[in-house]
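Colleague: Please take a close look at one part of this model, the place where the two chains meet. What holds there, and which pieces take part?

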Amino acid sequence: MTLLIDLLAATLRNATPLVYGTVGETYAERGGVLNLGIEGTMYAGAFVGFAAALATGSPLLGLVAAVGVGLLSGAVMALLTVTFGANQHVSGIGLTIGLIGASEFANRLIFRGGELQRIEPMPLINPLPDVGPVSAVFSQYGLTWVAFLLVVPLAWWVLQRSSFGLEIRAVGENPEAADAAGVSVPRTRYLALMIGGALMAVGGAFFTLALLGSFTLDIIAGRGWVCIALVIFGRWRIGRGVVGALLFSLIYSLQFRLQILPGFGDLPFELLLALPYLVVIGALALSGRNVAYPGAYLKPYRRS
Amino acid sequence: MAGVPGSAPALELRGITKRFGDLVANRSVDFDVVGGEVHALLGENGAGKTTVMRIAYGLTHPDAGSVLVEGHEVAIRSPRDAIAAGIGMVTQHFSLVGPMSVAENLALGRASGLRLDLDAARRRAVHAAERFGIRVDPDARVADLSVGEQQRVEILKALARDCRILILDEPTAVLVPAEIEALFATLRSLLEEGLSVVFISHKLGEVRAISNRVSVLRQGQMIGTVAGSTDERELARMMVGRPMLGVERSAGAPAPSEAEPVLRIRDLRVDGAHGRPSVEDVSLGVRGGEILGVAGVSGNGQTELMAVLSGMRRPVAGTVSVGDLDLTGADPRQMTAARVGRIPEDRHASLIPDLSVAYNLVMERLDDFRHSGRIDERAIRAHADELIARFDIRASPDDRVAALSGGNIQKVLLARVLSRDPRVLVVSQPTRGLDVGATEYVRSQLLARRADGAAVLLVSEDLDELLALADRLIVLYEGRIVGEMSAQEADREQLGMLMAGRGRNP
Ligand SMILES: Nc1ncnc2c1ncn2[C@@H]1O[C@H](COP(=O)(O)OP(=O)(O)OP(=O)(O)O)[C@@H](O)[C@H]1O
Ligand SMILES: [Mg+2]
């Protein structure tokens, strides 16, 4: 029983960065731009958030700094792919390499590879402390609550129900039509990429500001790529993407707990570690057929 | 019903010039339209009609010239500026977002910020239905609508923005006769409200039916403006710079013998979406030296029939044979080997737009140009030069197909197919979107094949084309043959009834 409660709590916790990343990437892709800069943006968000929090002593200011770097990263991606019409794959991978490189360089410069620096991480918040043993499930970081209670419903509402969301979807489906209807394609894509970038960076900052309280190399460890897969798994729907993130996180959290269980101990732990990724690959292979990509996916738009 | 004399035109274009690289698409073009009038813009493919009006709507930026609305010069940098100035445009290839609903398309671009008022969009749709008879379901997904309905959504979109000048770029190209009538009725009621309409077309009959004035563009230059009642010969002469002759199956041609059909289809059945068959119980035969016309509103099984005959789709039941050869479920290669020439409806999908004309011309027979694994570039070029001359393609062998005009793209396809001397020719919408010159050429080539003894199956939505070319006609409705007649005894009205599904058995 405690194992199950512990597992549920871990699932929500570990899903948090994936939710931010997946929602952010969904915004970029619904606008017609595949942002492979996500891995680097999460990395930079983690580092800059941590550095700012350490310098100011305030995790909240760290979060603000992470949002700033995410907006900037989205704007750079937009500059490359929207303004210059560059290839989206190359721009995104380049952005990721650049941001990871810059973060590691700055890390060396500032901390000189000395002993691990720590900050006081954001506290856990439990709004339901008195509901018996289950209450442990609700002991979560503020960023987790914000993700599930604020960001997801709001992002969904904006995308599906607001005029701005309609413009993002139109620009990603048929930019010519959006242009002819008087929507500025570049402006809309810039905004979608910047909002997306900010969310990704917050997802990265979750590791340093909340979960770990410190910055280590390779801290994102491919979670940005997982988000790319989750967007496809969710067929560019925010709700389905979040379900995917929870599913991945559930298996991820489960395998850690299986490793210590008798009977499973004999299995090579690498196999268990690979389990969530194998499940994602399997789910993609099954659900990835006949998916309707956004109509203008990967296509730059230019007026003649 | 032209505007008050002396008052400024609703829209005026002055000295519009636009170059694409070396090509001058518009050369100092002047054009105006006054309130309550339809001013047609006539011209061949590539004359520059679309370009000049895209400039008026802000979709293309001119190199020189100015746009005046109600006599005042306006700076039009984007469609947003044009919409603000009261200009609306229904583009040649519709600008709708397919996966979205009609209401969402109507709401798009109306307000910036967060508030999205779909109810207002629905109300506008209902209101327009009452006032102009434009009926569409606001909650339908655009991709599920027929082209005629999509066009109504486009017009509605422009009207919902309170446009006073409506530009229609070849609005009838995708419509069937009944839909064209409905469009014209809508336009007439809009004119009474004082709207001005720019009507781009290269169909002379329609231009005469609806226009107060007609302006003719030729190779980017304005040739002149005449009254809408000017006779067709004169308009055609202005358009192409020479008098036109109609191409028709000569009345004296020998009636096809009672010989065995070359192309034979028996009890064909093809599955469509939602488990319903899209072609059912279709049996037909086409003899050598005969053109069999397939009439019908698009979406009644023509596409699937063509797909089977092109080797792109397997039938569920039935057989296809050419001579003694069974070609049921054959792939494109086998079709080519059996000398079945195919000119499908979507010509862009049959060519590789990014490759050169020369390569596209040898695409189906690369083996003939390969020696021990190496491509013989010289032979490919020589072959291209020969076909370009023979089929009067206005392009050089190295041009990318994507850069050619519609008429020349069709000629490339025609050259590729006809140069193989096909025994059977299956053709769909061969002249859709082509100007009179190119249309005449394509039709004469089909008739030449017929004279050489080929069996020709011609799918077309253009009744004039079918009546001019075919020896026999069949009508497809909901995947079945609902009528068959010889071209002599065919009459338009009866064909129209059959096409609309109001045939013999109600
Ligand atoms: N974006 C572009 N880039 C290069 N050339 C172009 C572009 N748009 C149009 N052209 C060329 O400009 C010329 C005029 O084209 P336009 O589309 O205005 O012709 P049109 O009169 O509308 O013909 P159609 O009847 O085929 O629609 C053509 O030769 C076309 O190939
Ligand atoms: Mg045009």
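Modeller: Across the interface of chain B and chain A there are 5 residue pairs in polar contact, both partners at pLDDT 80 or more. A polar contact is a pair of N or O atoms within 3.5 Å; within protein, one must be able to donate a hydrogen and the other to accept it, and residues adjacent in sequence count only if both atoms are side-chain atoms. On the chain B side that touches chain A, β1 (11–20), α2 (79–84) and α3 each supply at least two residues. The most comes from α2(B), with 3 residues. Sorted by class, this side of chain B has 14 nonpolar, 8 polar and 7 charged residues. Ala, Val, Leu, Ile, Met, Phe, Trp, Tyr, Cys and Pro count as nonpolar, Asp, Glu, Lys and Arg as charged, and the others, Gly among them, as polar. Helices (H or I, at least four residues) and strands (E, at least two) are DSSP runs, numbered from the N terminus.

This is a predicted model: local features need pLDDT of at least 70, side-chain atom pairs count only at pLDDT 80 or more, and totals for chains, interfaces and linings use all residues. Residues are numbered from 1 along each chain as its sequence is written, chains are lettered from A and ligands numbered from 1 in the order written, and side-chain values use heavy atoms, leaving out hydrogens and water.

Now the charges. The count between chain B and chain A is 1 salt bridge, meaning a side-chain nitrogen of Lys or Arg within 4 Å of a carboxyl oxygen of Asp or Glu. A:Arg169 pairs with B:Glu104 in a salt bridge, with the closest N and O atoms 3.2 Å apart.

Next, the extent. Contact (heavy atoms within 4.5 Å) links 29 residues of chain B to 21 residues of chain A. The area buried between the chains is about 2,000 Å², and carbon and sulfur atoms give 60% of this. Three residues, B:Leu108, B:Leu114 and B:Leu116, supply 27% of the area that chain B buries against chain A, more than any other three residues. Buried area is the accessible area (1.4 Å probe) that two parts lose on being put together, summed over both.

One last link. Within chain B, α3 (102–107) packs against the buried residues of α4(B). Those are B:Ala120, B:Ala121, B:Ala125, B:Ala128, B:Ala129 and B:Phe132. Buried residues have under 20% relative accessible area, exposed ones over 50%, and partly exposed ones fall in between (1.4 Å probe, protein chains only).
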